[in-house]
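Me: I would like to go through the pockets of this protein. Please show me the sequence and structure.

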Amino acid sequence: MFRHLSPFLKKNAPRYALGILVLLIVDLLQLTVPQLLKHYTDSLSTAHPGPELIIPTALKIGALAFSLAFLRFLWRYLIVFTGIDFENWIRGNLFSHLLELPRSFYHSTKTGDLMAHATNDINQIRMASSAGIIMGVDALFVTASTVTIMATTINPMLTFLALIPMPLIAIGVRFVGRIIHSKYIRVQGVFSSLSEKVQESFSGIRVIKSFSQEKQDLASFNKINESNYKANMSLATTQSVFFPSIRFVGSLSAILGIVIGTRYVLSGRISLGSFVAFINYLEMLVWPMMAMGMFVNRLQQGAASVDRINEIFDEKSNLRDTEPIDLPADLSIQFQNLTFCYPGEKKPALQKINLHIPQGSSLGIIGRTGSGKTTLVNLFLRLYNIDRGMLLIGGRDINSISIDQSREIFGIVPQDNFLFSTTIENNISLSDREPDVEKILAVSQEASLHNEIMSFPDKYKTYLGERGVNLSGGQRQRTSIARLLYKAPPVLILDDALSAVDTKTEEGILERLESRLNHHTVIVISHRISTLKEMDHIIFMDGGRIVEEGTHDELLALGGGYAEIHNRQLLEERIKRDDYEYA
């Protein structure tokens, strides 16, 4: 069960052991209080109490109280603080592990589930590893010690008779514990759905409002929220019945102890002091009995959470990686009869791709939706495994280059321009721990973004909302382009990254990109011919294949799919121009 958590547990076992030892000392000292009261009460019944009796007893109880206060702080420091460290350790390792998992994992896993793992599950593990340990020690040690002391120092038969109801607790704990476990699993599952719904609604708030779906989305949320409420109420109801029942059983023991103990005192079988101590011990047993139920509760919930966390840690990246190598100076790209299928798919997304991209050249990629354009460039970033010998970088198989090195060679502006909730400055300099202000200004000008940023009240310190919600689509694209230019990898990839900017701005960005061709290879995917026509080489893709390739003029001369798109776009531009002049 603890296979992924054992490094922390092994390292901190001494702290836990010392904390448990201190807790045991505290429990032992607590057991001496009734004995002090016993002797004091018996002394009162045989002699008139004077300072010689009262003051030493009071000092003993005071010293005991002070010692208990200090030792209680100490075991809390050793156990509870270690539990908090454990929570922090798990969360850090979980996040690190999630960053290493491939994209396919996130395609099949809900964000709400991951949020539940990172919050509720880890919190339950912390509670089980801190409060659970405390309750377990109290439940076992205090119960056993108290019963032993009662039987040996007071009266074994009285102890036996008073504790007759106690086995009911063990039976109830075993039965109810299973019910609590299943109900808690249900609570965690519904919480995952609730988190997923909230995250999805907030991320898609623009779409919800633009389609006037507020009422429908609220109804959907209320339905999940109601399920969450019912699941939590069901668990709370079980717990609400369980714990008072344990208290009631403890009260039955107290009643039996008072009734039978009184007869024992009157018959002279035990002293009045022993009776007082006996009642105190019975009261002390109530908490361990409750702790036993709470311990099982924590243990069941913690075990369920550990199982769920283990499922994530058991997920492994299937990407082949290797040690870093010395990269060649020439980083030309060569596809050699490349065929690629997505994991779990039988139909190839790319078929027999043969292509050479010299270093410092520009490549344009165009094709209909679903033709494999994005898939082709994603292979550069090592998001998926590919067969050996099909993709070469500088004459070396890409599988012989480490994943980190591959991602340093290639930089991409994807179709989904994701910006983080931080300043524009930090978004642009994402690849640099110590941002270079002059470099930020320079790449912003290259991306035709600088003037617009300077018009904002906080300029480059402008804080962006989630996913850059307070920028326009074109501004988000150009911020992503500036981020790529700031990183300045050897190969720059723009995946439909100019679709939201006007033609004039697009031309300016492309002209400035041309100045980088001496130092960088540029690959541009676009649906617009105007974006690609100046590229050194252009490929037209369809059905996962390269069906046409050449320069702009060569492709027009072929009269194929590229020429068809070119003519259609010319017609669309002419119609727009005529409509504008007519208006």
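Me: How much space lies in the second largest pocket?

Reply: This is a predicted model; local features need pLDDT of at least 70, side-chain atom pairs count only at pLDDT 80 or more, and totals for chains, interfaces and linings use all residues. Residues are numbered from 1 along each chain as its sequence is written, and side-chain values use heavy atoms, without hydrogens and water. A pocket is an open set of points on a 1 Å grid over the protein atoms alone, where a 1.4 Å probe fits, with protein on both sides within 12 Å along at least five of seven lines. Volume is the space filled by probe spheres set on the points, joined across faces, edges and corners; for the second largest pocket that comes to about 380 Å³.

Me: Which element gives the most to the lining of the second largest pocket?

Reply: Lining residues have an atom within 4 Å of a point, and here there are 21, with Leu 510 and Ser 530 among those nearest the centre. Helices (H or I, at least four residues) and strands (E, at least two) are DSSP runs, numbered from the N terminus. β8 (521–525) and α20 (561–582) are among those supplying at least two residues. The most, 6 residues, comes from α17.

Me: What is the volume of the largest pocket?

Reply: Its lining has 48 residues. Leu 99, Arg 103, Leu 383, Phe 418 and Phe 420 lie nearest the centre. The volume is about 2,500 Å³.

Me: Which element gives the largest share of the lining of the largest pocket?

Reply: Elements giving two or more residues include α3 (103–107), β6 (410–413) and α16 (473–487). The largest share is 6 residues, from α2.
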